[in-house]
Amino acid sequence: MSSTPYDRNRWTLTPDRADLRRPDRPARTVELPGLPQDLVLDLERTAVVIVDLQNDFCHPEGWLASIGVDISATRDAVATVDTALPALRAAGIPIIWLNWGNRPDRANLPPGVRHVYDPVGAGTGIGTPATTSSTAVLEAGSWGAAVVDDLEIAPEDLRVDKYRMSGFVDTPLDSVLRNLRVDTLLFAGVNADQCVLSTLMDAANIGYDVVMLTDAVATTSPSYCADATVYNVRQCFGFTATAVDLAKALGQHR
């Protein structure tokens, strides 16, 4: 894999010539079980989007835990992603960390978004002090908005801040993915029925192939929300597979 998005989408320039052909990237194919059908992936055209595995959502000292939300399911997703990361990196698959990272003044957040995290107008939620470990809920640069402490960010990984349930609204995510020259997106993270699904749906609607890694997503919502999410991904938008099967396929590919 090239070390930067720029390397994947570039011209060859000399003082008297611009060669507009992009670098040749021969297909690297893997097969793995999936639903509603098994899948054949080109690793050269695939990226992983990991959504909201942040301290405020997934850490025992983060914001959700501090307000009494049971985050145990998110811990399972963190563990699965942690196990899968070495295989993904060894295969040269770009990894995008897509996280809430709001402006301190919240100037770009409409009332509907702020209401989600402050449903009764108590002046809590996004941007307000949460715990002794977090300066402000989901604020860019804070501990709470950082990728959860359990996971290692590699220098070649990419980070994109988001400000809505969908990571495509008001962000550079689409531009980053197009510079990576990828067609297929593998989704992990939390909450499966909220930010993961919203981002996956928008990806499918603008032409990306989408695969939800069901053992690498989780939700703090009731179980029927997760069941409906998986059904809708398979029925309306794309495919599901597991990170375990993906890592196994990548190991065989090497």
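Start by selecting helix α6, residues 173-180: R178 and D174 sit four residues apart there, which means about one helical turn separates them. (Helices are DSSP runs of H or I with at least four residues, strands are E runs of at least two, and both are numbered from the N terminus.) The two side chains form a salt bridge, with the closest N and O atoms 2.9 Å apart; the term asks for a side-chain nitrogen of Lys or Arg within 4 Å of a carboxyl oxygen of Asp or Glu. R178 is partly exposed at 43% relative accessibility, and D174 is partly exposed too, at 23%. Here, buried means under 20% relative accessible area, exposed over 50%, and partly exposed in between, using a 1.4 Å probe and protein chains only.

A word on what you have loaded: this is a predicted model, where local features need pLDDT of at least 70 and side-chain atom pairs count only at pLDDT 80 or more, while totals for chains, interfaces and linings use all residues. Residues are numbered from 1 along each chain as its sequence is written, and side-chain values use heavy atoms, leaving out hydrogens and water.

Next, pick R25, R28 and E44, which salt bridges with shared partners join into one network. Zoom in on R28 and E44: their closest N and O atoms are 2.8 Å apart. R28 is in the loop between β2 (17-19) and β3 (29-32), and E44 is in the loop between β4 (39-42) and β5, 16 residues apart. E44 is buried, with 10% relative accessible area.

Now jump to D157 and R89, another salt bridge, at 2.5 Å from N to O. D157 is in the loop between α5 (111-117) and β7 while R89 is in helix α4, so the pair ties together parts 68 residues apart in sequence. Is D157 buried or exposed? D157 is buried, at 10% relative accessible area, whereas R89 is partly exposed at 23%. The structure has nine salt bridges.

Switch to cartoon for the sheet. Six strands make an open sheet with parallel pairing, in the order β7-β6-β5-β8-β9-β10. At the edges are β7 (158-162) and β10 (239-241), each pairing on one side only; pairing takes at least two DSSP bridges between two strands. Five bridges join β6 (residues 95-100) to β7, and W100 stands opposite K162 in β7.

Last stop: W11, in the loop between α1 (5-8) and β1 (12-14). W11 is partly exposed, at 44% relative accessibility.
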